[in-house]
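Reader: Hi! Could you walk me through this structure in plain words?

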Amino acid sequence: MSDAIHFDAMNRPVIEEFRETGGKAGGLFEGKPLVLVHHFGAKSGTERIAPLVPYLDADRLYIFASKGGVDTNPDWYHNLVANPNTVVEFGTETFPVTARLLTGDERDGIYAKQSEVEPQFAEYQRNTTRVIPVFELERTAS
């Protein structure tokens, strides 16, 4: 089973619960904010959805390509780099965004804030030699 098929099967119940409850899910996501990021395969063009724990700063959304701290970026990272204009579901809203990859001090500052709120993100960074990418999901006009 490919990683994409495995993660799609694993994510399906989370996505369904998110949609049934107006943006909440249990299990690993209990009590955490959750955003569903639609992304299109860089090679295949196939649409997929990744449930992610964002960092929220007023009306700004940030996501982290942590993949649990392994040494490779998740597939959705490559897809957003190739196709940054997409759609997200947050709470009961669905809206278009452009995924902007953060670098340098801007990236480091947001990652540090997420690590304070969600300490497992600090652990993810300690577990890998790569710098975990951070995207801002900038709302765009529909």
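This is a predicted model: local features need pLDDT of at least 70, side-chain atom pairs count only at pLDDT 80 or more; totals for chains, interfaces and linings use all residues.

Reader: Thanks! In what order do the seven strands sit in the open sheet?

Author: The order is β2-β1-β5-β6-β7-β4-β3, with antiparallel pairing. Strands here are DSSP runs of E with at least two residues, helices are runs of H or I with at least four, and both are numbered from the N terminus. Two strands pair if DSSP finds at least two bridges between them.

Reader: And which strands are at the edges?

Author: Those are β2 (47–52) and β3 (55–57), each pairing on one side only. On average, neighbouring strands of the sheet are turned by 35° against each other, direction ignored. For angles, axes are lines fitted to C-alpha atoms, for helices over the stretch in contact, and the values run from 0 to 180 degrees between N-to-C directions.

Reader: How many bridges join β1 to β2?

Author: Six, and the two strands run antiparallel. His 39 stands opposite Arg 48 in β2. Their hairpin has six residues between the strands, and Gly 45 there takes a positive phi near 75°.

Reader: What about the hairpin of β5 and β6, how many residues are between them?

Author: Two, and Gly 91 in that turn has a positive phi of about 65°. β5 and β6 pair over six bridges, also in the antiparallel sense. Phe 90 has Glu 93 in β6 as its bridge partner.

Reader: Switching topic: which strands does helix α2 lie across?

Author: Helix α2 (residues 75–82) lies across β1 (35–40), β2, β4, β5 (85–90), β6 and β7, and runs at about 65° to β1.

Reader: Now Thr 98, where is that?

Author: Thr 98 lies in strand β6 (residues 93–101). Leaving aside residues up to four places away in sequence, Thr 98 touches Pro 84, Asn 85, Glu 136, Leu 137, Glu 138 and Thr 140; contact means heavy atoms within 4.5 Å. The side chains of Thr 98 and Asn 85 make a polar contact (2.7 Å). That term means a pair of N or O atoms within 3.5 Å; within protein, one must be able to donate a hydrogen and the other to accept it, and residues adjacent in sequence count only if both atoms are side-chain atoms.

Methods:
Residues are numbered from 1 along each chain as its sequence is written. Side-chain values use heavy atoms; hydrogens and water are left out.
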